[in-house]
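Me: I'm new to this one. Can you walk me through it?
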Amino acid sequence: MFDGGVVLQHVRGYVYSNDYIFYSVWWTVALFIMIGGYNAYTSYENRGSFLLKKKLLGIFIPYFFATLLYVIYSSHYLDAVTFLQELIHFNATGPLYYVAVYIQLLLISPVLIGTIKVCDRKKWVFIIAWVIVIGIGVLTTQYTNVFDIALGGGNLFSGPWIFFWFLGMCIKFSEDRVTLKQEWGKWILTVLTIAVAVWQYVFVNQGINLKLASMFHGTQVGMTWANAFETVLIFFWFKYAVELLERNAGKIWQAVIRALSYMGRYTLYIFLYHMLFLSIYRGYLEVSVPIINRWLCLAFIIIGPILFGLLLKEGRKYFSYIMKEVEVE
């Protein structure tokens, strides 16, 4: 869903022109960051440690090749100076700002995890922790922009995005200590469904959410506190919907869940490469029938990055195998 939301935002004016569609998925990046914090704390609890080096390599290698391909595609040759500049500034294409956001959040994660562990022993520390996190968000959003990276990527500790990352961690920490009866899931999901529908109609459809103050009074990201609340609603809606489906789904729905889970494993690649595949499609593959062209475009810019992600992963496995053979010899 995150992949589709980001893609929908970036094909406005080509695949569709309705502003409501654009603003109805305004929460996509915030949701992905919130899920990232949730998964980061889950990984820590499962392993007993936070594999920072592995996670950094996991995002840097796809980012390295993304920057390389964008530079070559845009200039039709490889300029080493341009490549290094854009690699450092995360600006080979717009969405790459997210890599700068994610790397900073990974680097600060051990500190945030340690803070939550202290909170486990002293509950009142949670209040202090949140005051500090929000204070960091306010200060870095307004007063930092390293390398002039857009949309919070240049804000130290990721500016407003640290709020969603830490919130995801706190939710995972809390849910392991609060047990809800399974039968409550249906009722919670029903309430959340009504809340999301009302929110979309009242706030998104009427544009009220955009009129409220931006988070931490930032000028780059554009997320308002209304968008933040919507992100939390969507997070819990997906969480309870997936849990309910996994417990009660038939074979068809199980296949759908598996397909979405498979697609989810390549979310990063879709995020990094979809603009490249959109440029390729618009440059060489357009068809004259509008409705067909729209669906072909969407399919191409989602499936293309997934296939490239598969190729890159297989390439890494092959390279690792070769290096082991060389070490043996």
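Me: How do the axes of helix H8 and H11 cross, and within what distance do they come?
Reply: This is a predicted model, where local features need pLDDT of at least 70, side-chain atom pairs count only at pLDDT 80 or more, and totals for chains, interfaces and linings use all residues. Residues are numbered from 1 along each chain as its sequence is written, and side-chain values use heavy atoms, leaving out hydrogens and water. The axes of H8 (residues 161-175) and H11 come within 12 Å and cross at roughly 35°. Helices are DSSP runs (H or I, at least four residues), numbered from the N terminus. Axes are lines fitted to C-alpha atoms over the stretch in contact, with angles from 0 to 180 degrees between N-to-C directions.

Me: Which residues in H8 meet H11?
Reply: Phe163, Phe164, Leu167, Ile171 and Glu175 do. Their partners in H11 include Trp225, Phe235 and Lys239. Contact means heavy atoms within 4.5 Å.

Me: New topic. What volume does the largest pocket have?
Reply: About 1,900 Å³. Volume here is the space filled by probe spheres set on grid points, joined across faces, edges and corners. A pocket is an open set of points on a 1 Å grid over the protein atoms alone, where a 1.4 Å probe fits, with protein on both sides within 12 Å along at least five of seven lines; lining residues have an atom within 4 Å of a point.

Me: Which residues are closest to its centre?
Reply: Of 46 lining residues, Phe32, Ile35, Asn39, Gly264 and Arg265.

Me: And which helix gives the largest share of the lining?
Reply: H3, with eleven residues.

Me: Where is Arg258 found?
Reply: In helix H12, residues 251-264. The C-alpha atoms of Arg258 and Glu45 are separated by 24 Å.

Technical notes
Helices (H or I, at least four residues) and strands (E, at least two) are DSSP runs, numbered from the N terminus.
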